[in-house]
Amino acid sequence: MALRGVAWDIDGTLVDSEPLHHRVLLEVCLGHSLDLRADPPERFLGVHMDDVWKTLAPQLPGVARDVWMSQIQDSYCARVAREVAPVPRAAEVIQALSAAGVPQVAVSNSGRRVVEANLEALGIRDRMVGVVSLDDVTRGKPDPEPYLQGAALLGLRPEQVLAVEDSPTGAAAGQAAGMQVAFLGDPPDGTRPIAGLADVEALLGL
């Protein structure tokens, strides 16, 4: 079935935000006497923030989830404009797809405020039909729920949507939803490797 829409992961796919996410996580946790500085930066790469919380909560006694989550989002949003760079050609490709009439949706394991801040920093929020964030799902990636919601927002069947990802967690979610997955980096089995975001246009036949 022909591809008719695109579901974009954001962190690491459209913006080089993983280093800032890692710094914010370290700083917020250190403020609660939990030192994660010896952890590898990729420990929580692509992981749903609720799952990050569930993993760390036993080491954060007396800290409320909502307080911790707000601190994470507050710190990230305050710094995104000056500390996060777009992935090469991200905005240009999204603008080109929009001009060609291809509907697009953002699908992320981050909270809505973080997602909106990233999209605003890129200047492409108005090109998205909608957003699926941490706050919109019961189960995040690698569960298919976020991408199934994304397909519904696009008004398309999952097999008509190309998911664009950079993490195995996200790729698994897209595949479980029944989407084709374009992958930046070392591709997991069953995904379509791309060298850069400009390759997405070719996959859509543009």
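Predicted model: local features only at pLDDT ≥ 70, side-chain atom pairs only at ≥ 80, totals over all residues.
Visitor: Let's start with the strands. Is strand 6 mostly covered or mostly open, and how many of its residues are buried?

Guide: Two terms come first. Helices (H or I, at least four residues) and strands (E, at least two) are DSSP runs, numbered from the N terminus. Buried means under 20% relative accessible area, exposed means over 50%, and partly exposed lies in between, using a 1.4 Å probe and protein chains only. Strand 6, residues 161-165, is mostly covered, with five of its five residues buried. Val161, Ala163 and Glu165 point one way from the strand, Leu162 and Val164 point the other way, and all are buried.

Visitor: Which strands pair with strand 6?

Guide: Two strands pair if DSSP finds at least two bridges between them. Strand 1 (residues 5-8) runs parallel to strand 6 and is joined to it by four bridges. Ala7 stands opposite Ala163 there, and Val6 stands opposite Leu162. Strand 7 (residues 180-184) also pairs with strand 6 in the parallel sense, over four bridges. In that pairing, Leu162 stands opposite Gln180.

Visitor: And what covers the picture for strand 1: are its faces buried or exposed?

Guide: Both faces of strand 1 are covered, with Gly5 and Ala7 buried on one side and Val6 and Trp8 buried on the other. Strand 1 also pairs with strand 4 (residues 104-107) in the parallel sense, over three bridges. Ala106 in strand 4 is the bridge partner of Trp8.

Visitor: What do strand 6, helix 7 and strand 7 make together?

Guide: They make a right-handed β-α-β unit, with helix 7 spanning residues 168-176. A crossover is right-handed if, with the strands pointing away from the viewer, the path from the first strand over the helix to the second runs clockwise.

Visitor: Now the helices. How do helix 2 and helix 3 pack?

Guide: Two packed helices are described by the angle between their axes and the distance between the axes. Axes are lines fitted to C-alpha atoms, for helices over the stretch in contact, and angles run from 0 to 180 degrees between N-to-C directions. Helix 2 (residues 49-56) packs on helix 3 at an angle of about 125°, with the axes 11 Å apart. That makes helix 2 oblique to helix 3, since angles under 35 degrees count as roughly parallel, over 145 as roughly antiparallel, 65 to 115 as roughly perpendicular and the rest as oblique.

Visitor: How many salt bridges does the structure hold?

Guide: Side chains of opposite charge can pair when their charged atoms come close. Here a salt bridge is a side-chain nitrogen of Lys or Arg within 4 Å of a carboxyl oxygen of Asp or Glu. The structure holds 18 of them. One of these joins the side chains of Arg113 and Asp74 (2.8 Å, N to O). Arg113 lies in helix 5 (residues 112-122) and Asp74 in helix 3 (residues 65-83), so the pair ties together parts that are 39 residues apart in sequence. Arg113 is partly exposed at 42% relative accessibility, and Asp74 is partly exposed at 42%.

Visitor: Which other charged residues are worth a look?

Guide: Glu159 forms a salt bridge with Arg157, the closest N and O atoms being 2.5 Å apart. Glu159 is partly exposed, with a relative accessible area of 27%, and Arg157 is partly exposed at 48%. There is also a network of salt bridges linking Arg23, Glu27, Arg79, Arg82 and Glu83.

Visitor: Finally, the backbone. Where is there a cis peptide bond?

Guide: Most residues other than glycine have a negative phi, and most peptide bonds are trans. A cis peptide bond joins Lys141 and Pro142, with omega about 20°. Pro142 sits in the loop between strand 5 (130-132) and helix 6 (145-154).

Visitor: What is phi of Ser33?

Guide: Phi of Ser33 is near 70°, a positive value in a residue other than glycine. Ser33 lies in the loop between helix 1 (18-31) and helix 2, and is exposed at 72% relative accessibility.

Definitions and conventions. Residues numbered from 1 in each chain as written. Heavy atoms only, no water.
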